[in-house]
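Visitor: I am new to this one. Can you show me how to read its features?
Guide: Gladly. Let us look together.

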Amino acid sequence: QAMRIQFLNDNPATFTSLLVLQSLFLILPISESESKFYALTEEQKNSNTGKALILKIESNKSTATGKPVIPFAQIGIDGTMVDVNAYKGKFVLIDFWGSWCVPCRKSHPALKELYAKYKSMGLEIIGISNEAFSAGGNKAQQDVSWRKAIKEDGIDWLHVLNDADINDLAKSHDINGYPTKFLIDRNGKFILKILGTSEALHKTLEKKLAELMPD
């Protein structure tokens with residue numbers, strides 16, 4: 001990663017640098033991706049690859065740190081309305097996952113521990129499952145896969161099923177990989193984004209929650 005960034009800094013006039021920046025899109029903060037994009041030559045910026053990348057950068061800005069939460073209200077797994085704006089005053093972790101996503105499922109035990117620790121202090125979790133990649137593909141089968149995974153994993157927080165025909169939450173939040181987690185502060189603003197799952201990434205989330213809600 002460091003070598004790619006150094007190459008990008010040293011060679012802004014090459015098409016390879018545009019490809020390198022594209023490969024770093026999910027790694028760099030969005031503000032840094034934007035500044036490095038505009039340091040490229042006009043030829044690179046105006047290429048088809050460049051135009052596609054700046055569209056992704058602009059789209060990703062909506063979930064940047066300090067931006068207000070993207071409003072949504074949808075019927076949850078228990079039939080009640082899940083309105084993200086109703087949870088202002090709490091810290092909200094929005095977890096984009098899927099029953100088909102092995103890393104997502106593997107992250108649930110550690111997430112359950114955090115929820116048990118911080119729920120009484122004002123943490124709420126909203127799981128948004130995108131079942132578009134589940135076997136079968138039709139909505140009835142997606143619903144079955146979603147409910148089955150929630151029961152198997154014992155994740156008892158709020159849940160909604162992404163429905164692109166009603167409100168494509170994965171698209172509006174510019175989800176490029178699973179799991180993706182967003183932490184929202186008490187004022188309804190994005191303060192942390194985590195893509196993927198690993199012990200180090202979980203420690204990042206754990207540390208942030210400990211800072212916000214100390215024992």
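Visitor: In what sense do strands E3 and E4 pair?
Guide: This is a predicted model. In it, E3 (residues 91–97) and E4 pair in the parallel sense. The pairing runs over 7 bridges.

Visitor: Which residue stands opposite Gly127 in E4?
Guide: Look for Asp95.

Visitor: How many residues of E4 are buried?
Guide: Buried means under 20% relative accessible area. In E4 (residues 123–129), 7 of 7 residues are buried, and the strand is mostly covered.

Visitor: Which way do the residues of E4 point?
Guide: Leu123, Ile125, Gly127 and Ser129 point one way. Glu124, Ile126 and Ile128 point the other way. Both sets are buried.

Visitor: Now the whole chain. How many helices and strands does the protein chain have?
Guide: Count 9 helices and 7 strands. The radius of gyration is 19 Å, close to the 17 Å that the globule rule gives for 215 residues, so the chain is as compact as a globular protein of that length. The C-alpha atoms fill a box of roughly 55 × 45 × 30 Å along the principal axes.

Visitor: What share of the residues in the protein chain is buried?
Guide: Buried residues make up 44% of the 215. The chain exposes about 10900 Å², with 55% of that supplied by carbon and sulfur atoms.

Visitor: And how many side chains are positive, how many negative?
Guide: There are 26 positive and 25 negative side chains. The centres of the two sets lie 1 Å apart.

Notes: Residues numbered from 1 in each chain as written. Predicted model: local features only at pLDDT ≥ 70, side-chain atom pairs only at ≥ 80, totals over all residues. Heavy atoms only, no water. Helix = DSSP H or I, 4+ residues; strand = E, 2+ residues; numbered from the N terminus. Rg over C-alpha atoms; globule rule 2.2 N^0.38 Å. Buried < 20%, exposed > 50% of the residue type's maximum accessible area, 1.4 Å probe, protein only. Areas by Shrake-Rupley, 256 points an atom, 1.4 Å probe, with all protein chains shown as cover. Lys, Arg positive; Asp, Glu negative; His and termini not counted. Charge placed at Lys NZ, Arg CZ, Asp CG, Glu CD. Pairing = 2+ DSSP bridges.
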